[in-house]
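Hello,

Here is the structure I promised to send over. Have a look at it first, and then read on for what turned up.

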Amino acid sequence: MLYRFDGVDESLELLPLATRRALDHAGCRLSREGWGSLPVPLRKQLVTLGANAVVDVDLVREAAAIATPPAEQMEPVDDPPADVPPGELVEAFGGGMPLSAAVWSQLSPLDRYALAKVAGRSSPERLAAAYEEIVGRTAVSTHLGPQGGARMVDVGQKATTLRRAVSRTEVTMNAEAYDRLRAHEVAKGDVLGVARVAGIMAGKRTSDLIPLCHPIALSKLTVDFELDDDARAVRVVGTAEALDRTGVEMESLVAVSVAALTIYDMLKSVDRAIVIGPTRLIEKSGGRSGSFAP
């Protein structure tokens, strides 16, 4: 909630950017003298209110009203847009400090506010310090924090919509393995039945298997099979659905991948040269990026 480049420490003698955001939302202008008249616990509360995704303007106004002198009233100021950075902000940072829409949308509301404030009236040195602290290596990848550590993308500001994804892979084998599978004459048991359960179980645990994936409450996850006698192949199709803030492509891909590996495991004593793939996403819908179908 406190930025190093802002020059404000935990004594809160100066107004931090988080407090300025809270006051802007509430339509209040507080002098440095008024800020200093507030007890420290109340100053801390205003910092916290300004760091929240949604500012409780009523609480901010109550706190600002007891300052001496009290806060002046002004027109409330909203946050900058969350989807794309304003053109003047991009221009202020210049080509040496890129700020893509993908990176911008992953920042917190306070981070976006702070960058917009700094871009409005700051020295080049302050601009560079703010960019390094807030964006940093995130400009290279949304899975990297400003200092380079891995992080999960923040999807809290995304809309909850119905997400759907369909993936497919193929398992191709020799004639003996295929004939045994089709005739249900495999020593290990029901190949496709076991593969279906394995795929569904794996898809439900995608966030445990793939780093930085979000846990998703799936509303539907199916694994289906199509037999191709001419190619001696099993086509595996996985469909995942969820009402969530992020997509389910990985869940469907993991499901078909593990189902295919299970088929290999149950038939490898007959054919160790079984080929898996290509594995690919064939359809997705929901979310800001819309629908996809190759």
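Let me start with a pair of helices: α1 and α7 (residues 109-120) pack with their axes 10 Å apart and at an angle of about 95 degrees. Axes here are lines fitted to C-alpha atoms, for helices over the stretch in contact, with angles running from 0 to 180 degrees between N-to-C directions. That makes α1 roughly perpendicular to α7 (65 to 115 degrees; under 35 counts as roughly parallel, over 145 as roughly antiparallel and the rest as oblique). On the α1 side the contact (heavy atoms within 4.5 Å) is made by Leu17, Ala18, Arg20, Arg21 and Asp24, and on the α7 side by Pro109, Leu110, Tyr113, Ala114 and Lys117. Helices (H or I, at least four residues) and strands (E, at least two) are DSSP runs, numbered from the N terminus.

A word on the basis of all this. The model is predicted, with local features needing pLDDT of at least 70 and side-chain atom pairs counting only at pLDDT 80 or more, while totals for chains, interfaces and linings use all residues. Residues are numbered from 1 along each chain as its sequence is written, and side-chain values use heavy atoms, leaving out hydrogens and water.

Also in α1, which spans residues 17-26, is His25. At 17% relative accessibility, His25 counts as buried (under 20% relative accessible area; exposed is over 50%, partly exposed in between, with a 1.4 Å probe and protein chains only). Its contacts, not counting residues up to four places away in sequence, are Val55, Val57, Arg61, Pro76, Val77 and Asp79.

Val60 is in contact with Ala22, Leu23, Ala26, Leu46, Leu49 and Val55, leaving aside neighbours within four places in sequence.

Finally, the strands, which pair if DSSP finds at least two bridges between them. Strand β3 (residues 161-172) pairs with β5 (residues 233-244) in the antiparallel sense over 12 bridges. β3 also runs antiparallel to β7 (residues 280-285), joined by 5 bridges. Arg164 has Glu241 as its bridge partner in β5 and stands opposite Ser285 in β7.

Best wishes
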